[in-house]
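Here is my note on the structure you sent. Keep the model open while you read the points.

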Amino acid sequence: MSDSSDRSTKIHLLREALVKKLCDVLDKSCDRGWRRLGDIVGGERRLRVSPDDMETCSLKVLELEGSPSRMLLRLMGERGCTTGQLMDYLQTLGNLEAVQCLKPSALQILIQPQSLALTSGHNLRLSCHAVGKAPVQYQWFKSKEEVPNSFSPDLVISPVHLKDAGFYICRVNCGDTFEFSQWAQVDVLSVTLPYAPGQSYQSLEGRLKLVIQPQSQQLHAGETLQLECGAVGRPIPRYQWHRNGVPILNATKRKLMIRHVMPDHNGRYRCEISSGSSERMWTNEVDVVTAPRISVQFSGAMECSEDDFYAIGGGSGEFYLNSIPDQLYATDKVALLIGNLSYKNHPQLKAPMVDVYDLTNLLRQLNFKVVSLLDLTESEMRNAVDEFLLLLHKGVYGLLYYAGHGYENYGNSFMVPVDAPNPYRSANCLCVQSILKLMQEKETGLNVFLMDMCRKRNIYDEIAPNIVLRVTANIVFGYATCQDAEAFELSSSGFTNGVFVKFLKKRLLDDEKITVVLDRVAEDMGQFDATKGKQALEIRSSLSERRALADPILPGDSADLAQAQSRQWAKAHELPESMSLNFDCGAQIKLGFAAEFSNVLVIYTHIVKKPEDMSFCQAHVTDFSQDLDVDPKEMNRETPEETGIYLLSSSLPQHCLYTRLSSLQKLREELVFTVCLQGTYPAMDDDPVHWTKSINIGKPLIARLDLHSAMRKNSCLQTCLMPHSPSNSPCHSPRPEQCLHLHHGLLQAQDHSRLSPHGAVGDSYYENLSTSPGRMSIPIEASDDINELHSVFINSLQLQQQ
């Protein structure tokens, strides 16, 4: 390769290993590093690195493994900087180590082998081309074994068979120097296709093609479910299986296998297949039906033939139709998760967002239909509860999790909306016991309340609602703290869980009775020195059966009702389809969507195709409804974290512009916005040119349910405002004759007459153990090591000043 061709190479085409080495050098250098390089480049009109660009680069130090140098090089590459120009800048900078990184090596791999999937009988071709200062030699390997007689730049296997699937790599030798190519995965599918044997894969036009569809399955409990799909394409397709519209955790292979299936695995399955950044397709949706394996004993004589006897399972003592299950089950499982952080008149919180996100993912693994919502006003909370109640019917497991400010008066717990005044009273809040009363009317199979809030007395609220509950054996309360005590979140330089969820998420998937699970969480919390003497889990239960969150789902007699309710739930989780936008200038844009919560939508734009004569091209979104109150400064950012997308960032595509739309429940009309394409041309002195398209995506996610509307006629407010009188609710402070009990080993409930009437209502909240509650937080990965958490936070634990 000549020096001239080296110098004309655009820097965004440099090898990743070289870029990483160069960035390491520039990031570590003080006086000859990326800042000085930015100053030098800033003086060049053609690249136009502005002070705002440098500020964007500097913010990268706040990210995990963030590199300001990489951001600067990316900006320079987008504006047409070549390797030769970069070399000149580095020489002006005087950083000889950085200059050395760009000098041509004795050996360079120009073409790397690419992973692909193809069908057996076709030709496989993998290519690796390199140049060096001496003759170049090649040797291909499959895993650790040399491929016989594979000494050319192209590895050809004709025809390819199933045994040829695997991982391949090429070693390139040049004199005393050698390098390995990147690994290439080859997936070989066995399928009968209308192609001639030996036909090359290139004749498939290199596009993603679906060749294997999954098939519906009818199984008995305990058997193994196997679903298979397959596509051919280059690069190799990626897979994600979905059940009832929800992604299945870790189901990212062509073949989905679930051992020991149960009726709660029933549902509609399909697989999303993608390739590169632009192609996506879905398989057919198939039904999986699992009948419970039930033992039966005959209590009386019956007349039947020997064949009939074996047909109904007489030979094995088992049969599978119209039998009563031998274990407990739910007719469905539904969860409403609310996290309130951004209070208008009270201290703001941080942990509820992470807590709701983590519990959402865990509950979905337990086959719960989950609605997850952040920052709700009073009317929005009441309407959300009403929608939750619509999903409940006989035998359903209903779970309500709340994280935010709260209080407890006379045995009744109150959740505080984000718009509550200061001081607030019961009329401004939601009573948990009133929600339980409405749930009981649905004849639910299990009612679980996880209350992650403070339970201090509210001296401004002397109302004692008369909420008469049924005496039922299906209620479980898990309070994050004891009566008249605070619940805490830990101070941190980043986002982390509150104390309760930190330990709850380690136990939630256990297939144990729900009270046993909470028992173990209480024990774990008791070992955490940071909150000893300040916070202890309290469990109240009237559960007399071994009900577990992991129990299977077996639909009841009201199949039509259940289906209608499932459609109601699906309303709140329908994402707009990704779309490809073509502009008159020849540019093509991908507009994609993702859901962080049921009321938080992520929009991202990606440049799929840029005209050759355009030096710079970027697409951003704008002109959103005023209902959403979107800050323009936090839109169209180059990393998800810059726009507040901390929890979903790892699963979003890269090299996009990201925008986060929260509070979708406030959207009154269909969501209409503008996609604006900005391009520059060297022939026009790089003055920006704009093209726009108006996009209407309807009402996404929770916006379809119109939670912004006035409180509905039959909302839980009607239950909260019942005439005041002494309550005989079994969920009030426990007495010996009642079903509910205060769990052993925890602080005993105090007599209301001994409650200390201190502090303002605004002080009765989910506490933040932080020395600087107003400080901006940097997102980090929350540690799962309790000892590590303890060492970090033990010295910063204190209560907020009252």
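1. Start with terms. Two strands pair if DSSP finds at least two bridges between them. Helices (H or I, at least four residues) and strands (E, at least two) are DSSP runs, numbered from the N terminus.

2. This is a predicted model, where local features need pLDDT of at least 70, side-chain atom pairs count only at pLDDT 80 or more, and totals for chains, interfaces and linings use all residues. Residues are numbered from 1 along each chain as its sequence is written, and side-chain values use heavy atoms, with hydrogens and water left out.

3. Strand 34 (residues 588-597) pairs with strand 35 (residues 600-609) in the antiparallel sense, over 9 bridges. Ala595 has Leu601, in strand 35, as its bridge partner.

4. How many residues of helix 10 are buried (under 20% relative accessible area, with exposed over 50% and partly exposed in between; 1.4 Å probe, protein chains only)? The count is 11 of 13, so helix 10 is mostly covered. Among the buried ones are Met381, Val385, Phe388 and Leu389.

5. Last, the cysteines. The structure holds 0 disulfides; a disulfide is a pair of cysteine sulfur atoms within 2.5 Å. Cys454 is buried at a relative accessible area of 0%, and Cys482 is buried at 3%.
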